[in-house]
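Work through the exercises below with the structure open. Each task is followed by a solution in steps.

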Amino acid sequence: MDATITFTVNGKSRTVTTDPKRPLLDVLREDLQLTGTKYGCGEGQCRACTVLMNGKSVASCITAIADADKQSILTIEGLANGDKLHPVQQAFMDEGAFQCGYCTAGMIMGTVAMLKDIPKPTDADIVSRMNRHICRCCSYPKYMAAIHRAADQTRKEAA
Amino acid sequence: MKNQSTKDFKDVVGGGDCQISEDVISSPSPPRSGGLELLGKQRKESAERRPERAERAGASESLGRGEVVLRVQGGSQLDDQLAVDREYNELLEPVDYDFGLNRRSFVQILGAGLLLVVSAPALAQERGGGRGGPRGPKNISARLHIGTDGIITVMCGKVEGGQGARAEFTQAAAEELRVPTSQVQMILSDTGLVPDDGMTVGSGSTPRTVPPIRQAAASARELLADFAAKKWSVDRANVIVRDSKATESAGKRTLSYADFARSEDAANLLNQAISPDATLTPVTEWKVLGTPVLRPNSRDIVTGAHKYPSDIARPGMLYGKVLRAPSFGAKLTSIDVAPAKAMNGVVVTQDESFVGVMAPTSFLAESALDAISKTAKWETVAQPSSKELFDYLKQHAEGGVLANPFTDEMSKAAKGLRQSYQVAYAQHTPLEPRAAVAEWKDGQLSVWTATQNPFGVRSELTRAFHIPEDRVRVIVPDFGAAYGGKHTGETAVEAARLAQAAGKPVSLRWTREEEFTWAYFRPAAAIEIEASLDKDGKLTSWHYVNINSGAAALESPYHIGQNQSRYVNSKPPLRHGSYRGLAATANNFAREGFMDELAAAAGADPLDFRLAHLENPRLRTVLQTAAEKFGWKLRAKNKSPNLGVGLACGTEKGSYVAACVEIEITKENQIRVRHVCQAFECGAIVNPGNLHKQVHGAIIMGIGPALREEVRFENGEIQTVSFRSYQVPRYEDLPELDIHLVNRPDLPSAGAGETPIICIAPAIANAVYHSVGKRIRSMPIRLTT
């Protein structure tokens, strides 16, 4: 039985009528054409599908669309402000952090959420918070550098 | 150059630019850029099974038993490309497509002669420029196009899976054209547009594709200069090309690429052959090559705008799923597809054992597949299990386990050793699973997919659907990695079957479980080694047999007296194929572990023992560099509780690597890698930023199968089907890294996607021995069972 879900995606109100058991990931990708969020494992083990729900990092592959009803979702497509990249995006690009880039959107969204909680993370903080994100190309050293760069940049912009 | 190594983890991974001075680039923190590489494994070439490959090679001859020898003319890089393609295009079981009974009538319906050529350059390629093939295109226009806006579009049949090809090719063209990289646009791997540059395998893009791109770009640059000289009626020697334009040496007049493109003669001029005489820029004058250029489409990656193959959407597209057997070799005996057909919007197709469902959402397709899977009956056949794997491989070794022919040396040796080494199956499990979108339109099949072999996949599709090549277009958007795991086109064929059945475009993306189960594996290895030492601790004989995993880096780089190293086929229980570094990881794991054992038997330090048997100056350099930067002598002597150090070195695909590692044994008896100091040399460095990422990525990726990654299976059923049970490296596995890139501007550039992975596992095993005195001769290396 389909259900009507109304939620905010990247600042816009969206309504979908669909099977409430469908993963949020599928609705974003297939119904809203927001394909920046990736499928990696379908069981919350790799975090390629990370989006922010009310500012918190969630694995959209194991979040039913019903649970997104009346919530606010931010995806990688909603991060930049027009042509101006979000500091985390800018840092990941400047650092050339990724290789194939398939995990990058999830990695960026996870970083955005982490920096809200921990504006100046240590390496140990990053390992602790980001360990659930897999980069199969193992670009972890560059991601670590990019996350520190993003934290510095975010603090600068806030100051 | 000062070693920047530091125990401070933050500094090790933190910012700071790569330093290049003299001939060693040492940087704990990699500089800017983008990349990863893909690769293969080798099997006995089967010309009988793959006649089209032999034919394509042209001057080849069959020696029977499937062996093919190429009559190499001139020994050029392009001949190497043919050899590499042959080496890599050898999966165990070529998929034999024989489905659908109405092929003939289908072809008749299609008619003949519809060509998918969609661009002038490609047309030129069709008409006079030659088809390309691994030898590349003949004409400039088949390789590059100059726009009236001055943008130069370069076409190349290689793919970008994160290894950094897009940046390197852009640099190659920009360097020779004398333009900034922003003026170059790369089109990769659209078989309707680009020349066939062979498979993207074997660390081949740098040594074999960068040069022809440079040659074509240099030819275009010369055309511009010739054209300007003629137009100005000045001597050609008075025209130079710099800053994107031809300039009269007096400096008065200039003519840009855009000006040239606007001229009436441009099309004709560009349609001429690529000149072998156009001078390439010497390494000493490189301005773009040799610098850490970022991946050109980086912005699209960080904004999520880039469309990976699994992101492609076509109008009216359905999402497909394919029924899978519960175990290898199982045959479908019956299935009731009615429950799926009853679902609103679901399309079902069945062609004997191929059963597929399609729906407007992947969730509905999955529900439909679940519904009919429950009704499926299977006939299973007994299959081996991973517990008995190595005995099984030895028992099925073709010709048995070969005997050591050097029994005389063994009997008179001061010391003789014999050991068995083992390497488990591993899975690539790239983060983007296999995916393809297929669309049939007006008799034309277009497939967007991830593969390292776009033209090979086009051939697979033509064979599968019995349609001519010019009706099939394979497009490979930059994809979510492969590591040697995406040579084949099974997903493309499946998606095309589904799309044909539905009469609509279909997107098929494998699940993670399918990827773990039905993608091919890195082959397991059973390796036997026997060697003898004289009273001075010198090796006098060496007998080495690799069963099942391959011949890459089979030969020892050491002086080892009488020796024989052989690879024999077995009867592999799983479908196996290429993986980053091929069998070089297995062969280096066994050889470098055994070298350590021999050093211990000779009472020698592992570094000294290796150097005493090693003449190759390039390998000696990386070994000595890694040892010196790591502080080997001191750290090998001063043992700390629960810590150990080990080293290994090796060479493959024309590049050289050595690693020193420090490991820790935890309270739980687990092995943790604390520090890796690796030196790597691959000739003249094309992009140090990208190279750094290749090297650190390979090291960390290599820690996975070294310590944990192991495909477990029982009776044909894969048991490691998720990231829970098959644990790949994560942030917590990141060791302190010192990477030392040895630059050799005097030598041709070799690829670097694979070789940096081959030393990490043996160095870890040797460090475990150093720490606890126990030799672990199996990968994964574990102290606990």
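**Exercise 1.** In this predicted model, find which residues touch the most other members of the largest nonpolar core.

Solution. 
- Step 1. The largest nonpolar core holds 264 residues.
- Step 2. Within this core, the residues that touch the most other members are Ala659(B) and Ile764(B).
- Step 3. The element that gives the most to the core is helix α8 of chain B, residues 205–232, with 10 residues.

**Exercise 2.** List the residues in contact with Ile764(B), leaving aside its neighbours within four places in sequence.

Solution. 
- Step 1. Contact here requires C-beta atoms within 7 Å.
- Step 2. With the sequence neighbours left aside, Ile764(B) is in contact with Gly646(B), Val661(B), Ile663(B), Ile671(B), Val673(B), Ala706(B) and Ile781(B).

**Exercise 3.** Describe the side of chain A that touches chain B.

Solution. 
- Step 1. At least two residues come from each of α1 (24–31), α2 (87–94), α3 (104–117), α4 (123–130) and α5 (140–158) of chain A.
- Step 2. The most is given by α5(A), with 7 residues.
- Step 3. Sorted by class, this side of chain A has 25 nonpolar, 14 polar and 11 charged residues.

**Exercise 4.** How many helices and strands does chain B have, and what percentage of its residues count as buried?

Solution. 
- Step 1. Chain B contains 24 helices and 29 strands.
- Step 2. Of its 785 residues, 56% count as buried.
- Step 3. Take the contacts in chain B between residues at least 6 apart in sequence: 76% of these join residues at least 24 apart.

Note on methods. Residues are numbered from 1 along each chain as its sequence is written. Chains are lettered from A and ligands numbered from 1 in the order in which they are written. This is a predicted model: local features need pLDDT of at least 70, side-chain atom pairs count only at pLDDT 80 or more; totals for chains, interfaces and linings use all residues. A nonpolar core is a set of buried Ala, Val, Leu, Ile, Met, Phe, Trp, Tyr and Cys residues joined through C-beta atoms within 7 Å. A residue is buried if 20 or more other C-beta atoms lie within 10 Å of its own, exposed if 12 or fewer, and partly exposed in between; C-beta atoms are placed from the backbone. Helices (H or I, at least four residues) and strands (E, at least two) are DSSP runs, numbered from the N terminus. Two residues are in contact if their C-beta atoms, placed from the backbone, lie within 7 Å. Ala, Val, Leu, Ile, Met, Phe, Trp, Tyr, Cys and Pro count as nonpolar, Asp, Glu, Lys and Arg as charged, and the others, Gly among them, as polar.
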